[in-house]
Structure formats: structure tokens, C-alpha cells
Amino acid sequence: DMVSSCIHAFGGIDGLVNNAGIYSSIVPRPFEEISLEEWRHLFDVNVFGLVACCQAVVPHMKKAGGGRIVNIISGTPFKGIPYMLHYVASKGAVLGITRSLARELGADNILVNGVAPGFTLSEGVIANPVQLEKLRENAKNGRSLTRDQFPDDVVGAVGFFMSEGSS
């Protein structure tokens, strides 16, 4: 429905930003306390939702001669953040998907990139006091610029990858 609505409204689809995901509602806890049901639900959204969106837009991008896909990954697969293993694993999958799709779709002039922000103070994260308490200071202190990160900090990178300048 998303792709049909976009094509109807704009005459085609030349870009996709996969930004939907479960994160801000997660309460960090030991791996053995995370049920398989939680793993499945998180992978349904963070991984399979992204794949479904890509599968829906790619045929239209190929037909149009190209396009752009930007996947929001996360810094967590690079760091191995504890107590959120299902989230870290899902974003590791997104990282692998992004790299492989870039290779697979490049010949069709479809550029696939990923942006891997660190701990970002989105509205959802701010509303989760456990995440704020357990993750905020470590994230901030591990950065070159020791400050909080906000959603607006990610917009420029996404905008660049969606632009012709990223060719």
C-alpha cells in the first residue's frame, strides 16, 4: 500500500529510508531474560519489515532506471552493547543486508547505504527512563564530541545519501 500510494501521489518512487524499528521501548536486561517471542517480534519489525519495504520498491526503481535506499542501522553491532542482544543482532542483520544489497543492486543504479547513529535522544528514548539512566552517559563519553545526539544530527547524512551528490 505504501508503494502504491507513493506512485499514485508522485508518479513513481526513487527513494526509500528504512527508519522504522523497535528500540526506545526496550528495557536493557540480561540476554537470558529475553524471550524468543521478543526476539521474533523485534526481528519482524527491524529486519523483515525493512526487507519487505526493499522488495516492494526495488522493482519500481529498476523500471525507472535507479534509486536510493538508506537503511538506519545502529552503532550497536560495531560496539557489542550488552543487555540488548536481540536489538544488536537485528541491527547486525540490517548491516549485512545493506552491504549485500548495495552489491546486488548497484548494477541497476540503485544505491544502498546505511547510517549507523549512536544512542540518540529521540522522543521515545527520552520517555524510557531505564534507557536514559543505563545508556546515556556511556554513549556520550564514548564519542569524540562528548555531547548528546538528537534526531536532527542524523538528518544530514540521510539527506546526503538520498541526493545526487552521493553518486
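## A loop residue to start with

Tyr83 sits in the loop that runs between α3 and α4. Its phi is near 70 degrees, a positive value in a residue other than glycine. With a relative accessible area of 48%, Tyr83 is partly exposed. Please keep in mind, here and below, that this is a predicted model.

Asn109 has a relative accessible area of 43%, so it counts as partly exposed.

## The three-stranded sheet

Moving on to the strands, you will find an open sheet of three, in the order β1-β2-β3, with parallel pairing. Which strands stand at the edges of the sheet? They are β1 (15-18) and β3 (110-115); each has a single partner strand, so one side of each is left without a neighbour in the sheet. On average, neighbouring strands of this sheet are turned by 10 degrees against each other, direction ignored.

The pairing of β1 with β2 (residues 67-72) is parallel and runs over four bridges.

## From β1 towards α2

Glu32 belongs to the loop between β1 and α2 (36-64). Is this residue buried or exposed? At 64% relative accessibility, Glu32 counts as exposed, the cut-off for that class being over 50%.

Glu32 can also be set against Ala9. The two are 23 residues apart in sequence, and their C-alpha atoms are 47 Å apart in space.

## Two cysteines, no bond

Now for the cysteines Cys53 and Cys54. How many disulfides does the structure hold? The count is zero. A disulfide would need a pair of cysteine sulfur atoms within 2.5 Å. For Cys53, the closest cysteine sulfur is the one in Cys54, and because the distance is 7.1 Å, it is too far for a bond. Seen from Cys54, the closest cysteine sulfur is in Cys53, again at 7.1 Å and too far for a bond.

Their surroundings can be described as well. Cys53 counts as partly exposed, at 22% relative accessibility, while Cys54 counts as buried, at 4%.

## The largest pocket

Let us finish with the open space in the model. The largest pocket has a volume of about 880 Å³, and 37 residues line it. Which of them lie nearest its centre? Those are Tyr23, Tyr87, Gly118, Phe119 and Thr120.

The elements giving two or more residues to the lining are α3 (76-79), α4 (85-105), α6 (129-141) and α7 (152-162). Of these, α6 supplies the largest share, with four residues. Sorted by class, the lining of the largest pocket has 21 nonpolar residues, eleven polar ones and five charged ones.

How values were computed:
Residues are numbered from 1 along each chain as its sequence is written. This is a predicted model: local features need pLDDT of at least 70, side-chain atom pairs count only at pLDDT 80 or more; totals for chains, interfaces and linings use all residues. Side-chain values use heavy atoms; hydrogens and water are left out. Buried means under 20% relative accessible area, exposed over 50%, partly exposed in between (1.4 Å probe, protein chains only). On a 1 Å grid over the protein atoms alone, a cavity is a set of points where a 1.4 Å probe fits but cannot get out, and a pocket is an open set with protein on both sides within 12 Å along at least five of seven lines; lining residues have an atom within 4 Å of a point. Grid points are joined across faces, edges and corners, and a volume is the space filled by probe spheres set on the points. Ala, Val, Leu, Ile, Met, Phe, Trp, Tyr, Cys and Pro count as nonpolar, Asp, Glu, Lys and Arg as charged, and the others, Gly among them, as polar. Two strands pair if DSSP finds at least two bridges between them. Axes are lines fitted to C-alpha atoms, for helices over the stretch in contact, and angles run from 0 to 180 degrees between N-to-C directions.
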